[in-house]
Amino acid sequence: NSDQLLNALAGGSRTTEDVEQVWSAAQRWLADGCNQPLNRLLMLPPTPGKLADATRNLWLRKAALLIRIDPVVPTALARALRQELVAFIGRGPWRTWCDLKQPPPEASDLRKALFYVAKFNKGASLSERQIYRILT
């Protein structure tokens, strides 16, 4: 499952199944004479842009799980997440963190997730509608 593998790669934790998937893809890649793109064998998105979007969306969904609103209504969640993202990019730590490869270890889980959303979206925000579509 490409979403599961992408989640494992992005989050740093892995299962035996994830390791087996990467191992098997690498073996097929070598057996084929390295002719097929490895990301294709791993069933990851085919282009760097699509991979960046998929990774951004993964982190956006992680951030959504950290937003506390009651009741959880998709439109309200998208609105709240947009507000958090705009604040993070516009007047928050993104301005000083944008050149980092990863967020500082002391950052909250929400800020870590927003860091990767911004990083994989080239520092741009997302509209409420885009966020809603990604989350639903």
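The model described here is predicted. Asn121 sits in the loop that connects helix H7 (109-120) to helix H8 (128-135). Apart from neighbours within four places in sequence, Asn121 is in contact with Arg56 and Leu126, and both of these residues return under the topics below.

**Overall architecture**

- The protein contains 8 helices and 0 strands, and its pattern along the sequence reads α-α-α-α-α-α-α-α.
- Taken along the principal axes, the C-alpha atoms fill a box of roughly 50 × 35 × 25 Å.
- Of the 136 residues in the protein, 32% are buried.
- When contacts between residues at least 6 apart in sequence are considered, 54% of them join residues at least 24 apart.

**Nonpolar cores**

- The largest nonpolar core comprises 26 residues, and those with the most contacts inside it are Leu60, Leu81, Phe88, Leu114 and Leu126.
- At least two residues of this core come from each of H4, helix H5 (74-90), helix H6 (94-97), H7 and H8.
- A second, separate core has 6 residues, among them Leu6, Ala25, Leu41 and Leu44.

- Leu60 belongs to helix H4 (residues 48-66).
- The relative accessible area of Leu60 is 0%, so this residue is classed as buried.
- Not counting residues up to four places away in sequence, Leu60 touches Leu81, Val117, Leu126, Ile131, Ile134 and Leu135.
- Leu60 and Val117 are separated by 57 residues in sequence, yet their C-alpha atoms are 5.9 Å apart in space.
- Leu126, again leaving aside neighbours within four places in sequence, is in contact with Arg56, Leu60, Arg82, Leu85, Val117, Asn121, Ile131 and Ile134.

**Helix H2**

- Helix H2 (residues 16-31) has 16 residues, which at 1.5 Å a residue should span 22 Å; its end C-alpha atoms are 22 Å apart, in agreement with that expectation.
- Asp18, Gln21 and Ala25 are buried in H2.
- These residues cover an arc of only 60° around the axis, and therefore lie on the same side of H2.
- The buried residues of H2 pack against helix H1 (2-11) and helix H3 (38-41).
- On the face of H2 turned away from the buried side are the exposed residues Thr16, Trp23, Leu30 and Ala31.
- Gly33 follows H2 and has a positive phi, near 75°.

**Salt bridges**

- Side chains of opposite charge can pair when their charged atoms come close.
- The structure holds 2 salt bridges.
- One of them joins the side chains of Arg56 and Asp53, with an N to O distance of 3.6 Å.
- Arg56 and Asp53 are 3 residues apart in helix H4, and so about one helical turn separates them.
- Arg56 counts as buried because its relative accessibility is 11%, whereas Asp53, at 34%, counts as partly exposed.
- A salt bridge is also formed by Arg79 and Glu128, whose closest N and O atoms are 3.6 Å apart.
- This pair links distant parts of the chain, with Arg79 in helix H5 and Glu128 in helix H8, 49 residues apart.
- Arg79 is partly exposed at 39% relative accessibility, and Glu128 is partly exposed at 30%.

**Cysteines**

- A search of the whole structure finds 0 disulfides.
- Cys34 counts as partly exposed because its relative accessibility is 36%.
- Cys98 is likewise partly exposed, its relative accessible area being 29%.

Conventions
Residues numbered from 1 in each chain as written. Predicted model: local features only at pLDDT ≥ 70, side-chain atom pairs only at ≥ 80, totals over all residues. Heavy atoms only, no water. Helix = DSSP H or I, 4+ residues; strand = E, 2+ residues; numbered from the N terminus. Buried < 20%, exposed > 50% of the residue type's maximum accessible area, 1.4 Å probe, protein only. Contact = heavy atoms within 4.5 Å. Expected span 1.5 Å × (residues − 1). Arc of directions from axis to C-beta. Core = buried A, V, L, I, M, F, W, Y, C linked by side-chain atoms within 4.5 Å. Disulfide = S-S within 2.5 Å. Salt bridge = Lys/Arg side-chain N within 4 Å of Asp/Glu carboxyl O.
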